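Keep the sequence and the 3D view open as you read.

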Amino acid sequence: MNIEEAKLIKESQQGSIKSFEQLILRYQDQAYRTAYGMLGNPEDAKDATQESFIKIYKSLKNFKFQSNFSTWMYRIVHNTCLDIIRKQKRRKEIPMETKNNLNNNGYEIPLKDLSDGPEALLEYEFVKKEIKKCIVELPAEYQGVIILRDIENLSYEEIAKVLNISEGTVKSRLNRGRKQLRQRLTDLLKEH
Amino acid sequence: MNCNEFDEKISLYIDGKLNKDEEKSFLDHVNDCRQCFRALENTKGILGSLEDLNNIKAPEDLSKSIINALEMEVMKSKYEKTRKGSEESTENSIVEDEYENVQKNREFYGYRKNPRQWFLKQNPWIKKVSLAAVLILIVTSTVILNTDWAPSPIQEDMMVMDSDGESDPEERPVEESEEISDSVENEISEYPQRQPGITAMEDEETAFGEDSYSREDQVEESELRTMETEESKILGVKYREWIVLLLGIGVITVIVVPRKNRKN
């Protein structure tokens, strides 16, 4: 955490909404992306981000500078999204144990390569869209680690702090989550 | 390394968490096993797509909407605290202006409970204007209530004629209507429009006719007035009382509404 950010946090703790606005501008993209990844649509993501920042402002007094502000923010956003998901009760989780053998699928997920021409790009865009759906449908415990690791590029250590779990749990959840994501996506693309 | 081990290590390999030996063993298996090779390529493809999601930006108006919602939230909590009379609200004041607004709102909404206290706290000019408005209200209402708005004799007669005209002529005796028209003519003759050349005998007849009108029509006139009075009431209140009431509401509105707007 740099000095400028610490100053903004302290001023926000003293009640400065202007300073807090600066913090929002710094972190709103990360918060929005996380919410978008978990909830799957822009409206819910916007609401969740707004709710999260209000929670952050209200509990800013409890922030003791013992962790990064971003870690703390991700935790609040993640928990807010989990609350929203629970309320909506619209999650359709994939069973924890996948029936199909991972290595039995014959579909190759296209890699992003613009030199392959417009058709490949369209296919790639379609896959990207499907990936978003698949992430939303993942169990929450895998969803969080995948978003924080593969979208937000947080380290295992940071993810462990955000989710308040051990690094070992992060590794195992990440591995299982990616596996489920890959399985789900290949099934969808085969149907397509 | 077998396929199950590959399955356990794939994530660590992608994140660069394997040591050199583990990595070599992993890659050897990938080169030997086509299915594992494909699984690795697919996983890389998915994660590449996820990295693209990193370019997603928050909507431009998000920060403003957050700040607006936050200000509303702060206002709400402050207002609730001040209404409860909590002293914490002053200690934890977040934005002074907002707190002043809350205090003003508190004064504005609190005066209903204790109008005297509210009035004493006001600006001297507001006190003067309020007192002046109240005095004007009292004087105006006194004048209006004491004014005899009874119609002039001619207007009364016209009203009598009107009311007669409205009633069914078949139900009224012919003599009565004739007497009334005679009396009206006699009444009109008292005024300067009197036509020249009227004799003393005619004057006596006129005087006799006037007396006759006064005696016979007094009852009817009083009945008509009673009817008029009843008609001029709305919900049991006379017009003049309604005027006073509306005037009072107007004065109070003039005093209170600008203050409310200014505070908002």
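## About the model

This is a predicted model: local features need pLDDT of at least 70, side-chain atom pairs count only at pLDDT 80 or more, and totals for chains, interfaces and linings use all residues. Residues are numbered from 1 along each chain as its sequence is written, while chains are lettered from A and ligands numbered from 1 in the order in which they are written.

## Chain B at a glance

Chain B has 12 helices and 2 strands, taken as DSSP runs numbered from the N terminus (helices are H or I, at least four residues; strands are E, at least two). Starting at the N terminus, its elements follow the order α-α-α-α-α-α-α-α-α-α-α-β-β-α.

Of the 264 residues in chain B, 10% are buried; a buried residue has 20 or more other C-beta atoms within 10 Å of its own, with C-beta atoms placed from the backbone.

## The nonpolar cores

A nonpolar core is a set of buried Ala, Val, Leu, Ile, Met, Phe, Trp, Tyr and Cys residues joined through C-beta atoms within 7 Å. The largest has 52 residues, and A:Ala35, A:Met73, A:Ile146 and A:Ile159 touch the most other members. Helix H2 (residues 17-39) of chain A gives this core its largest share, 10 residues.

A second, separate core has 7 residues, including B:Phe6, B:Ile10, B:Phe26 and B:Ala39.

## Helix H3 of chain A

Helix H3 (residues 42-58) of chain A has 17 residues and spans 24 Å from its first C-alpha to its last, close to the 24 Å expected at 1.5 Å a residue; that expected span is 1.5 Å times one less than the number of residues. Among the buried residues of H3(A) are A:Lys46, A:Gln50, A:Phe53 and A:Tyr57.

Key. Buried ≥ 20, exposed ≤ 12 C-beta atoms within 10 Å, placed from the backbone.
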